[in-house]
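User: Hi! I'm new to this one and would like a friendly walk through it. Could you help me get started?

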Amino acid sequence: MRGFTLLELLVTLSIFAMLVGIGAIAVHNARESSRTMMCSNRLRQNGLAFHSFHARTDFLPHNGGEVSGQMISDVDGRPFQPRTIHRHTGHIAVWGVGSPRQSVTKQGGPWSYSLLPDLGHQGQFERLVYSLLISTFRCPSRSRGIPEAPKQDDSGIYIGGGHRYSKIDFAANRKLIGDRPIARRLSYVQDGNSNTILVAEKAYHPLIQTATSWWHDEPPWLGGSHGTARSGADLGRDGLDAPFRNGWGSAHPATLNVCFLDGHVQQVSYEIDRRVWLQWLSPNARE
């Protein structure tokens, strides 16, 4: 009985390595498929919460915004207003903050805060814990660090009162879910609920939009920002070329998840005709 020759051994090892590689790719693809489905389900929960909110208030929640004189306490109990100072322009953006005492139209917090009771987080709605992770606002395919207090960077100076803030991976359609005080009803939509985007995955730049930055990635508790509502036509996968300022995207290889106003969720290719995308963003072609 003869043994393996060196050539036979090398061929066998090569075949084994190839099979291991194929198996690893299959496992990765299966895991990503599962994460994509979980992301889709979470977006669908947000869509259902929008309809629940409308059923009990007769309005869709807006994206919030600055409330004159609104102050919250920093980690030492001193009053302050959350805001961002743009490094290059000096512009100061003051953010609204979610409050259970404000009415639908006067609410300073964004839709993500307003929907908390409809997502089963009544306690968080009544007493905000800024660092709390809400899984319904997160895509499992996107790697995010633990909540941290904001720190100034090359883009801006962020006044967060020393609190640690969680982030959100989804953004509402700003052409439908605009800033305060305009809160719209479902009857505003004239182009069909199945053809109007409600909320979708937003574009993300991992080196700029870090855990300590608010640059176009403000927390889900602060109203009036592009961190929670967007209207751009650009789509792209997470990375250095992601259209993170006002665009859409995800960590998924070729598509992002989109929830339409009728509640259905669709995987949309990054290569979609931008004219179609803009039509989906427009709730009312007459405006």
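Analyst: Happy to; we can go through aromatic pairs, nonpolar cores and some backbone details. This is a predicted model, where local features need pLDDT of at least 70, side-chain atom pairs count only at pLDDT 80 or more, and totals for chains, interfaces and linings use all residues. Residues are numbered from 1 along each chain as its sequence is written, and side-chain values use heavy atoms, with hydrogens and water left out.

User: Great. How many aromatic pairs are there?

Analyst: The count comes to nine aromatic pairs. Rings of Phe, Tyr and Trp (its six-membered ring) pair if their centres lie within 6.5 Å; planes under 30 degrees apart are stacked, over 60 edge-to-face, and the rest tilted. Among them, Tyr165 and Trp214 are edge-to-face, with 5.1 Å between centres and 90° between planes.

User: Where do Tyr165 and Trp214 lie?

Analyst: Tyr165 is in the loop between strand S6 (156–159) and strand S7 (170–173), and Trp214 in the loop between strand S8 (197–201) and strand S9 (222–223), so the pair ties together parts 49 residues apart in sequence. Helices (H or I, at least four residues) and strands (E, at least two) are DSSP runs, numbered from the N terminus.

User: Are those two buried or exposed?

Analyst: Tyr165 and Trp214 are buried. Buried means under 20% relative accessible area, exposed over 50%, and partly exposed in between (1.4 Å probe, protein chains only). Ring pairs also link Tyr130, Tyr158, Tyr165 and Trp214 into a cluster.

User: Switching topic: which residues have the most contacts inside the largest nonpolar core?

Analyst: Those are Trp111, Leu176 and Ile177, in a core of 42 residues. A nonpolar core is a set of buried Ala, Val, Leu, Ile, Met, Phe, Trp, Tyr and Cys residues joined through side-chain atoms within 4.5 Å. Helix H1 (6–57), helix H2 (111–114), S7 and S8 each give two or more residues to this core. The largest share, five residues, comes from H1.

User: And what about the second core?

Analyst: That separate core has 14 residues, including Ala200, Val258, Tyr270 and Trp277.

User: What joins Arg180 and Pro181?

Analyst: A cis peptide bond, with omega about 10°. Pro181 sits in the loop between S7 and S8. Most residues other than glycine have a negative phi, and most peptide bonds are trans.

User: Which phi does Asp58 have?

Analyst: Asp58 has a positive phi of about 70°, although it is not a glycine. Asp58 lies in the loop between H1 and strand S1 (72–73), and its 39% relative accessibility makes it partly exposed.
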